[in-house]
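Subject: Structure for your files

Hello,

Here is the structure, with notes on its sheet and cavities below.

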Amino acid sequence: MPEVVPPTPATTDRVAELYAVRDLAHHGPSERATEAQHAKGKLTARERIELLLDEETFHEVEQLRRHRATGFGLEDRRPYTDGVVTGWGTVHGRTVFVYAHDFRIFGGALGEAHATKIHKIMDMAITAGAPLVSLNDGAGARIQEGVSALAGYGGIFQRNTKASGVIPQISVMLGPCAGGAAYSPALTDFVFMVRDTSQMFITGPDVVKAVTGEEISHDGLGGADVHAQTSGVCHFAYADEETCIAEVRYLLSLLPQNNHESPPAVRSDDPPGRRSPALLDLVPADGNRPYDMTKVIEEIVDDGEYLEVHERWARNIICALGRLDGQVVGIVANQPQVLAGVLDIGASEKAARFVQFCDAFNIPLVTLLDVPGFLPGVAQEHGGIIRHGAKLLHAYCNATVPRVSVVLRKAYGGAYIVMDSQSIGADLAYAWPTNEIAVMGADGAANVVFRRQIAEAEDPEAMRARMVREYRAELMHPYYAAERGLVDDVIDPTETRAVLARSLAALCTKHADLPPRKHGNPPQ
């Protein structure tokens, strides 16, 4: 065995120097800069990474990277990391890649070296087949580096697109994000924001005022509440960074590592065959009475736990991730408490995007229907409800994951077809005894079909009431669709959870191929 030669003093000195350099890179530019960050109610990049990843699992990449730009005094300011911390670690024991802007260095602005670090970690995430989380807190492109910074953004966008549908991508907005930089989060699967500290917009308030004369604050233009409730850009908004990052960890626990894997299953103590008598009282038999669909979902999923996506935007439809018998499912459900659960432009876009995500990452779909149709109106028609509604239709028709639908009450017209009916490929379609599956409601149908009889009757109102009863008895009774094979069974509402669990268990090995093609051309 060869003799071990003890380190020479020169080697020892070099190692000591290495640790000194690493310490400098780790602590950042100065305590003053750190205090300024904390004074804004914001954490540093490394503090955020510590919250995101399991303890002591972070492995940093290119910690000692420095920019090589000159001019405008840049040659005298060459901090380590160049304003972005990149690497990987684990969340609940599974690998996750991450990059975090360090606002203390150049305001987190992106330069050539900064961008190259992000490109590398994105490439590693794609190659390794693991989720990518970006912790965004940057001032946009580093103006002193000119067009090189813009090219850096182009590389990020290209990789966002390449990774789409391959690995989960999550953007966490923890500070400003303006101009072209805002397009990267828009290309990812989920966007988280923190109130009062994060904003996203293409042109800021000053530019808006100069061009249009409108005066508005940063939060009013692109704050968390605006994007969570009005624009739909943000999927989740929270009051503080700690809660926000904790919810990112929870979301990751529901997602697969990549598109070749299934979501992680867990052992559930909630029996899959559990009956839910509460459903009989939660959902009124009268189709005109509203109720809260979230209460129905709580009764169906394991332990009543689920994560609603886009909770405050397009609230007439619910999109959520939960578990049934320990297996992750995506739930799409009409919300009768808001606009009676109709489909409109916002609801169609929200649900279409969610269905596409679930299909891309092997998450089975459960659809709960109580929909009176598409929202009528000039604004909807001029806004393109036809093409927006077609997005949801295309998403469902293109989905190859297991798909099970349940009609609770109303399912009228084109909205019934679009909401994963059997005719567009649902593997199993069920209905409660309170279901009304029809072209339209009985009142409207009677006015059209029996228009002449009603007009010629001595008592038109009495005739209309009679025709409504006849139409409902003939074409809208609970078993009409089942008799024609349009639903596979009419089920006891209290057994909904058990039926869904058994159905998804039977479909877990489903394999469906789409025709060979480069890609589809979904409606825009």
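**Sheet and cavities**

β3 (94–101) and strand β4 (residues 132–136) run parallel as a pair, joined over four bridges. Strands (E, at least two residues) and helices (H or I, at least four) are DSSP runs numbered from the N terminus, and two strands pair if DSSP finds at least two bridges between them. A100 stands opposite L135 in β4.

This is a predicted model: local features need pLDDT of at least 70 and side-chain atom pairs pLDDT 80 or more, while totals for chains, interfaces and linings use all residues. Residues are numbered from 1 along each chain as its sequence is written, and side-chain values use heavy atoms, without hydrogens and water.

The open sheet has seven strands in the order β1-β2-β3-β4-β5-β7-β9, with mixed pairing. β1 (59–61) and β9 (236–238) are the edge strands; each has a single partner, so one side of each lacks a neighbour in the sheet.

The whole structure holds five cavities of 30 Å³ or more. A cavity is a set of points on a 1 Å grid over the protein atoms alone where a 1.4 Å probe fits but cannot get out; lining residues have an atom within 4 Å of a point. Points are joined across faces, edges and corners, and volume is the space filled by probe spheres set on them.

The largest cavity holds about 140 Å³. Its lining has 17 residues, with H101, N136, Y153, C177 and A181 the closest to the centre. Elements supplying at least two lining residues each include β3, α4 (112–128) and α5 (147–163).

Regards

How values were computed: 1 Å grid on protein atoms, 1.4 Å probe; cavity = no way out; pocket = protein on both sides within 12 Å on 5 of 7 lines; lining within 4 Å.
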